[in-house]
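Work through these exercises with the model open. Try each task before reading its solution.

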Amino acid sequence: MSPPLLAVRGLRTVFPTSRGRLAAADGIDFEIASGEALGVVGESGSGKSVTFLSVLGLVRPPGRIEAGEIRFDGRDLRDLAPAALRRMRGAAMALAMQDALSALNPALTIGTQLTETLAAHAIPGDARAEAVRLLARVGIPDAGRRLGDYPHQFSGGMRQRAMIAIALAARPRLLVADEPTTALDVTIRAQVLDLLDELRAEAQLAVAMITHDLAVVAERCPRVLVMYAGQVVETGPTAEVIAAPRHPYTRGLMQSLPQLEDPDRPLYPIPGQVPDLAAVDAGCRFRNRCALALPACANPIALAPVGPGRASRCIRAADVVP
Ligand SMILES: Nc1ncnc2c1ncn2[C@@H]1O[C@H](COP(=O)(O)OP(=O)(O)O)[C@@H](O)[C@H]1O
Ligand SMILES: [Mg+2]
């Protein structure tokens, strides 16, 4: 088997706060293969964005990566000098995020931002034609004419798509999609997700899809990573994880989110709150919200195999009923 495109081991990213240091990512392990789509789910504040900002080298001081390995194509990105990491970001790895306004430069036309990205990464061919092709591929009608528009002349959904086009312009091998389709209407969202599926098949693009939308994960991501309070609590093939979760948090998350096949199903929010990361102990971070918790859950619990390709950070993994 070829090595994964991205392998993260023991990642720990910390931030100083007024209440003390907190580890927003704490012992994160996962891999993504070329051409794979990995869904990343978890309530707000579970460390999804921090984990992938760490991978991209975008954690801002005083936040810092304190421990772990981030291997991309076999090289540990933590060994790279800042300039080398910057070159790699954008060329090999790109980020598309929820907030397109802050990702785009308000002073430059969409066309200029696309052609500058193409030039910066030495993409061969006619830059204007390629820019039109990219905009058209993310579903922007009349793409040739829209190249001359500034971001404020685009609707919110079009800005979102333009940002995705810019992220894809350098032909990255890994795209981190941090809820970039949340603001799009259903049809356009499907179109953007179809494009990512095509690029996975054609160009072996790997996609980390951070989303609140379980339907997107179920339909588009063969494998899923479930995060809670800065840790991975469960991972495995998406269909299996949904059909038979092996962590009480995953089960709660499934019941708390709307599902496409059954939008009228009642929703059961998980009672309680994500713990204060500045005050967590070594035990299971979900135990105060968990119906299955035992005294032993106060001990450190590792992410452990629970079947082929599956792992759970729960001593009662076998007792979780779907
Ligand atoms: N710049 C920061 N300074 C201090 N704490 C931060 C910072 N960024 C993130 N955090 C902490 O990390 C937690 C996880 O954040 P994040 O990765 O953005 O969550 P998610 O993307 O899963 O919603 C937040 O709840 C917050 O406590
Ligand atoms: Mg986030």
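**Exercise 1. The ligand shell**

How do the residues of the shell around ligand 1 divide into nonpolar, polar and charged?

Solution. Start with the ground rules. This is a predicted model, where local features need pLDDT of at least 70, side-chain atom pairs count only at pLDDT 80 or more, and totals for chains, interfaces and linings use all residues. Residues are numbered from 1 along each chain as its sequence is written, while chains are lettered from A and ligands numbered from 1 in the order in which they are written.

Next, sort by type. Ala, Val, Leu, Ile, Met, Phe, Trp, Tyr, Cys and Pro count as nonpolar, Asp, Glu, Lys and Arg as charged, and the others, Gly among them, as polar. The shell then holds five nonpolar, eight polar and one charged residue.

Now locate them. A residue is near a molecule if its C-beta atom, placed from the backbone, lies within 6 Å of it. Of the 14 residues around ligand 1, the nearest are F15, A24, G45, S49 and V50. Two or more residues each come from β1 (6-17), β2 (20-32) and α1 (48-55). Helices (H or I, at least four residues) and strands (E, at least two) are DSSP runs, numbered from the N terminus. The largest share, three residues, belongs to α1.

**Exercise 2. The sheet**

In which order do the four strands of the open sheet run?

Solution. Strands pair if DSSP finds at least two bridges between them. The order is β2-β1-β4-β5, with antiparallel pairing. Seven bridges link β1 to β4 (residues 64-72). Check one: R9 has E69 in β4 as its bridge partner.

**Exercise 3. Backbone exceptions**

Where is D142, and is D142 buried or exposed?

Solution. Recall the background: most residues other than glycine have a negative phi, and most peptide bonds are trans. D142 has a positive phi of about 60 degrees and is not a glycine. Its place is the loop between α5 (127-137) and α6 (143-146). D142 is exposed, with 10 other C-beta atoms within 10 Å. The cut-offs are 20 or more for buried, 12 or fewer for exposed, and partly exposed in between, with C-beta atoms placed from the backbone.

Last, find the cis peptide bond. The bond joins P61 and P62, with omega about 10 degrees. P62 sits in the loop between α1 and β4.
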